[in-house]
Amino acid sequence: MYKIFLCFRYLTRKGIVLFPVLAVWLCVMMLIIVNSIMTGFVNRVRDAGRSLMGDVVIQSDSMAGFPYYRQLQKRLALLPQVKASTPVISGYGLFNLPEFQVNTGVQVMGVEAGSESKVSSFGSSLFWQYKAPMQAVADLRGAGFPTTRAKLLAYAQKRLLAAAKTEDARQRHYANLKPIGNHAWLASIRQHWQVIAHEDYQQAVYKENRADRDLRMVQALPNEAFSSAAALRHALVPKAPSFTPPPQAANRYMTGADEPKNGCVIGVDLGLYKRDRFGHYHRPPGVRFSPVIITMVPVTMKATLAQPQSRRFVIVDDSRTRVYAVDSKTVYIPFHVAQKMAFMQRQDLLAGGVRPGRCSEIQVLVRHDSSEANVLAARKAIAHVVHQLELLHPQMEIAGIRVRTWDQVQAEYIRAVDNERNMITFLLGLMSLVVVIVIFLIFYMLVRDKTRDIGIIKAIGGSEEGVGVIFVLYGMLISSAGALLGLITGVWFVRNDNWIHDHILWRIFGISIWNRKIYVFSKIPDQIDPQAVMWIVIFAILAGLFGALIPAILAARQDPVEALRYE
Amino acid sequence: MNNTLTTTDSSPRKAMLELTNINKTFRLGPADVRVLCGAGLTVFEGEFVALVGASGSGKSTLLHIAGALESADAGSVMFRGQDLSRLSRHSRHRLRNHAFGFVFQLYHLLPELSVLENVLLPAMVCAPWYKACIRARPGKRRALELLEQLGLKDRLRHRPSQLSGGERQRVAIARALINEPALVLADEPTGNLDPKTGQTILDVLRGLHKGSGQSILLVTHDIHIAAQADRVVTLQDGKIVDRTL
């Protein structure tokens, strides 16, 4: 009993114990923050990768693709594990935006907008067809549903006026910024506040643009959209995404009257939009519905390059998958157009017969795909179907078809990010061994400081084990207190990391660690892994135990008479 | 030479503590210093014995050996018929907790604990762990009684650093008595106090002895203080050289 009692007394009445508590606290907090952010990063990368291509991908080794894809899709539809599938054409090409004098090499993806949206996140990655309407629903939720068209319009106008007022005020504030002085040490502070004022102005403009867009959307709403937020969403978000531009954009085509009118979707990071420090894209007016020319270089079945094929399109939307490598290089066009441009369409041969249409890959969505075992089982079943079809059509076998799950396709990249997380956590854990040393040193000092107390405890009947236990318990109490504080503050920090970054680190101290201009994710990715947090806390408590162990043994072995004589 | 004290009193008195032929040598650097050589001492039940001697004569060492804090190189220590050298470690701890109460010259109170907590500590040593969180700690009533008797009732929550030397020593006496020990071992309890306060402490010890028949073995180099004991024993050159009944 006296052991617990003395532990608590030493803990509450000895100032020096604050240092090991502080050391454990900071280490636990640091490990929880780093682990959570790295876990969030890894999981975001995994989710983004998965949402790009569905659960299982059937790909050809040949750039010329593989035939009989429709037949394969029909057979896949019969599999109970398969929910949906979609063919994709993938090839390289040139992107030319004559009005903005932009010329760049891109990856051209031919997709069937409807089925692609069922399998991947293509539909929900589109800004004008999905994200902007969803933002409008969120913005107008304050109107209070059910409502009327007049009320909703009034509310949207009120928001626009408020935003315009803020923008005006910000603009005046920014314009009226006066120089503080010419001292060198003031220059950096002045510069920082000017940057912040500019950012505030940018945010005000962004809000005004958004309010303006919401108002336009409301104006075009049908009457049944005012009953609830869900009805508003239903009215604003199209059932299936489309490459067809709205009628008002028809005059933007540069195509002749006899040419088909096609739309295309560009990757959001293609370089046409500026992105501010907060991760918002500023879409200048005029880019949407701009005419573009896309040129593809077809690859023949004999692996030679054919005549480049150019088509005119109009930009109907932009896509943000959150994978920079995809968003900065990809342009989406309708599947049938891409098939023709890549020479993969069904062809009647001069020598007679037909060459079946081809695609580059088929993306498959598996039922109950949250289970890895289900996905693997589906992959096996799909591979079997592919094999059976290959036996029927030897041309398919020549194409070298591979059936892989999404994580097998991305294994190398995901493994690299995963390893990075483990390595950083391990290195920080190694650094945290300092805690053990800090506790050891402080306990060593404490045992020396408490030598006479040890003599007294032994004189009144305390045993060697009892004295040892006091110091071991003391160490564990210190590390537990530090671990508890670290746990609470670490979790709090992770939950508020974006706010802390923007409002404290950046605005007050001018430190910007997470620059959204550079990173793919507009928010710091964070995900608390309860198991990892549990191990960090256990490690911290054990660190206290190990740090206190040797001093505790020394204390236990202390001769009581010598201890009483100690000065 | 056998220095075991025998009584000449006609009534048979029961020996509580018997030290026989105690030898103790300390190694100080390269040299061995023989502190006790064949010292012997008997303390009877209910007796107040003063052990006097010059500084470095081995008084405190003999007291520590008597209180099972230290082991003798040779000789035997019998407490109520039990040979301390044959006791297990656990039994020695129990004996120090239950049978002996130590009072030191430098008080040796734990600075982080209050007066009451210091007094209660020996009672807590033998209490089960689950009573740690119970407000009514074991021995609390007795501790309060003792502190009241010693005039420290209004100092319960004070820390040792907030007390005078005499008060600290009274707290140490209360702590020594909390488990109702058979023998109080006091090592120069007045050595660090002014004569007036020292006398007060001695009065407390004498009061205990007279009131409840508490056995006391007091070590001092002050013959005036020693004179107030029932019996004075002198230690010189590691041996008992004089005894007064």
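Mentor: Before we start, two strands pair if DSSP finds at least two bridges between them. Helices (H or I, at least four residues) and strands (E, at least two) are DSSP runs, numbered from the N terminus. This is a predicted model, where local features need pLDDT of at least 70, side-chain atom pairs count only at pLDDT 80 or more, and totals for chains, interfaces and linings use all residues. Residues are numbered from 1 along each chain as its sequence is written, while chains are lettered from A and ligands numbered from 1 in the order in which they are written.

Trainee: Which residue is the bridge partner of I58(A) in strand 14 of chain A?

Mentor: Start with the strands: strand 1 (residues 56-60) and strand 14 of chain A pair in the antiparallel sense, over four bridges. In strand 14 of chain A, I58(A) has as its bridge partner I362(A).

Trainee: And how many bridges join strand 3 of chain A to strand 14 of chain A?

Mentor: T86(A) stands opposite Q363(A) in strand 14 of chain A. Strand 3 (residues 82-97) and strand 14 of chain A run antiparallel, and the number of bridges joining them is six.

Trainee: Why is strand 14 of chain A largely enclosed?

Mentor: Buried means 20 or more other C-beta atoms, placed from the backbone, within 10 Å of a residue's own. Strand 14 (residues 361-366) of chain A is largely enclosed by the rest of the structure because, of its six residues, the number buried is five.

Trainee: Where is confidence lowest in chain A?

Mentor: pLDDT is the predictor's confidence in each residue, from 0 to 100. Chain A has a mean of 85, and strand 10 (residues 330-334) of chain A is highest at 95. The lowest, at a mean of 77, is helix 12 (residues 394-398) of chain A.

Definitions and conventions
Buried ≥ 20, exposed ≤ 12 C-beta atoms within 10 Å, placed from the backbone.
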